[in-house]
Amino acid sequence: MAISEKVKKTIEGIRHQFPTTQALLIPLLHEIQQDKNWISPESLKDAAEFLELPLAKVKEVATFYTMFKLEPVGKVNLQLCVNISCWLNGSEKLLHCMEKRLKIGCGETTADGKYTLSEAECLASCGTAPVLQVNEDYYENLDVPQLNKLLDQFDSELAAGKVVGKSTHQPGVWP
Amino acid sequence: MSDLVITKHVNEKNCETIDFYIQKDHGYEALKKALTMTPAAVVDEVKKSNLRGRGGAGFPTGMKWSFMPPNPVDAKGNPKPKYLVCNADEGEPGTFKDRLIMTKTPHKMIEGMIIAGHAIGSNKGFIYIRGEFYQETRIVQKAIDEAYKKGFLGKNILGSNFTFDLVVYKGAGAYICGEETALLNSLEGKRGEPRLKPPFPAQVGAYGMPSCVNNVETFAAVPYIIHEGAEKFAKMGTERSGGTRLFCVSGHVNKPGVYELPMLLSMRELIEVAGGMKNGKKLKAVIPGGASAPMLTAEEIDVKMDFDSLAKAGTMAGSGGVIVMDESVCIVEAASVLLKFYEHESCGQCSQCREGSHWLARMFHRIENGKGVQSDLDYIAKICGNMAGQTICAFADAVTGPALSSVKKFRKEFEDHITQGCCPHKGPGHRHAHDHKESAHV
């Protein structure tokens, strides 16, 4: 079975908190994705087997939620909010900047597997718009020069073999 | 200036910790008081406070709690568990207050939930947090751990016979899960598709058990009500809605952010509080209560910000997300941005919504790109008429908010796009920024 022992242990650890087994499906898919960076067709089968659920049930859930990546994603998952407040504050410029710099469109991954770019819907950061979610972290109040600096930083962090976008980076300063 | 219910200390260092909350913010004193009261007395107090749900619908909280059956039993006569659920799936465009509460004062929400658990006779609560909120989830989980350590959660809370456990559940990126029955399905590990009502969650909620779902801000207001008294809270608001409100102001203002204010101020005053219009530009339109609320024009901003006044003005207070647009904004494009969002987020369960949100997104996109025809405008109204009130949940109604209000209030702008064959703000030959996505929409 391709589900790692670590993931199994995590799920077993929370099993008692929920009245049904199916309630564990979304946590399990999150954990698999954390572990492998995406959810492969094999992982879906393994999840079904592990929770003793029909594969169809696992698939219908996995395909419903946009956060579950059913295709491999880059090491750095760039999700730019393009909803109203971010759009009013220039998110389109940021999108064009990333498309040009990374030479990919939305929904695509760079050939070297480093970056995936996508549009996101409202990330609840409208007061600090525009916002870019990088893996787990939010980067708020961005403009094009800051974005370029940020991408430079990720480039060098990746080159040094560091993990990007999973800091304990605090959300923006509130008025 | 009236007292602040929620944001008094949110700019102070370590405000998210339990020690800070206990020392500076009367933390968990309301819980101590509530545990000396009967559950019915707590529900009564919340009823008297006129607290209305802060998630968007504005339903009276005390009444919602009173719908919970006192001693539910299953077919065999065994007692059924009751569940309390916190809706922390904040995602209504323009809304970012729950994120503030979770990161800066998570214990207010937790204390509010424990009190609510006591009031409705539940021993277990779930906090459903949207999946994108990694940092927020960590902060909330840490706060829960702190509360367990201090004996505010778990068995025999503060020596009473009341037991309450709290579990965090992460969503996975679906706007519709903010709808309470979709949230319940998601909490059960299913697709986040809204349920037909009745039965209401108070009868058949999470895992088939009686459940009560409230928003983060709603729970966060409860400790104040119990500690300071319902009367004081009720007096801060209007006749039919107690307390203050967290307004999330974004868009073209100088100081966007969350502002806790009395509800009886006008939209004009609120924009001033948020630093006024950016770059001295003129106001063109404002969305008063999250993306689903119909737009107001610059001439309509003397309306007061409470639930009833906004409803009378044909829009809604919704989630408190105020999106300000200046004169440079093309309303057709703004509406197109919103409709693209709804098209993406429709769960697809009801045909009217699945097809309607798709058609509307296509039509607004087409008009924005100068390819609309005059009959489109009437057709938009017809599609909306076939959506609102025709579906399982209120999502379809929400789609019609920006669609109908933009066409109604800025009709000339739409007609100009059609007659000129291009967006007047950009001129002919402009490549629309969303063109690259066109193929994906077919």
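Helix H5 of chain B, spanning residues 97-104, is mostly covered in this predicted model, with seven of its eight residues buried. The buried positions of H5(B) are Lys97(B), Asp98(B), Arg99(B), Leu100(B), Ile101(B), Met102(B) and Thr103(B).

Chain B and chain A are in contact with each other, and 69 residues of chain B and 54 residues of chain A take part. The size of an interface is often given as the accessible area lost when the parts come together. For chain B and chain A the buried area is about 4,800 Å², and carbon and sulfur atoms give 59% of that area. Three salt bridges are found across the interface of the two chains. In one salt bridge, Lys340(B) is paired with Glu119(A), and the closest N and O atoms are 2.9 Å apart.

Met63(B) is partly exposed, at 38% relative accessibility. Elsewhere in chain B, Gly159(B) is placed in the loop that runs between helix H7 (134-149) and strand E3 (165-170). Gly159(B) is exposed, with a relative accessibility of 72%. Its C-alpha atom is separated by 33 Å from that of Ala75(B), a residue 84 positions away along the chain.

No disulfides are present in any chain of the structure. For Cys177(B), the closest cysteine sulfur is that of Cys347(B), at 9.1 Å, which is too far for a bond. Cys393(B) is likewise in no disulfide, and the nearest cysteine sulfur, again in Cys347(B), is 6.4 Å away. A disulfide requires two cysteine sulfur atoms within 2.5 Å. Cys177(B) is buried, with a relative accessible area of 1%, and Cys393(B) also counts as buried, at 13% relative accessibility.

Backbone geometry was also examined. Most residues other than glycine have a negative phi, and most peptide bonds are trans. Two cis peptide bonds are described here, one in chain A and one in chain B. In chain A, the bond joining Ala129(A) and Pro130(A) is cis, with omega about -5°. Pro130(A) lies in the loop that connects strand E3 (115-120) to strand E4 (132-134) of chain A. In chain B, the cis bond runs from Lys197(B) to Pro198(B), and omega is near -5°. Pro198(B) is located in the loop between helix H8 (180-187) and strand E4 (211-215) of chain B.

Positive phi values occur at His26(B) and at Asn279(B). The phi of His26(B), a residue other than glycine, is near 55°. His26(B) is situated in the loop between helix H1 (18-24) and helix H2 (29-36) of chain B, and is partly exposed, with a relative accessible area of 41%. For Asn279(B), also a residue other than glycine, phi is near 55°. Asn279(B) is found in the loop between helix H11 (267-273) and strand E7 (283-287) of chain B. With a relative accessible area of 67%, Asn279(B) is exposed.

Methods:
Residues are numbered from 1 along each chain as its sequence is written. Chains are lettered from A and ligands numbered from 1 in the order in which they are written. This is a predicted model: local features need pLDDT of at least 70, side-chain atom pairs count only at pLDDT 80 or more; totals for chains, interfaces and linings use all residues. Side-chain values use heavy atoms; hydrogens and water are left out. Buried means under 20% relative accessible area, exposed over 50%, partly exposed in between (1.4 Å probe, protein chains only). Contact means heavy atoms within 4.5 Å. Buried area is the accessible area (1.4 Å probe) that two parts lose on being put together, summed over both. A salt bridge is a side-chain nitrogen of Lys or Arg within 4 Å of a carboxyl oxygen of Asp or Glu. Helices (H or I, at least four residues) and strands (E, at least two) are DSSP runs, numbered from the N terminus.
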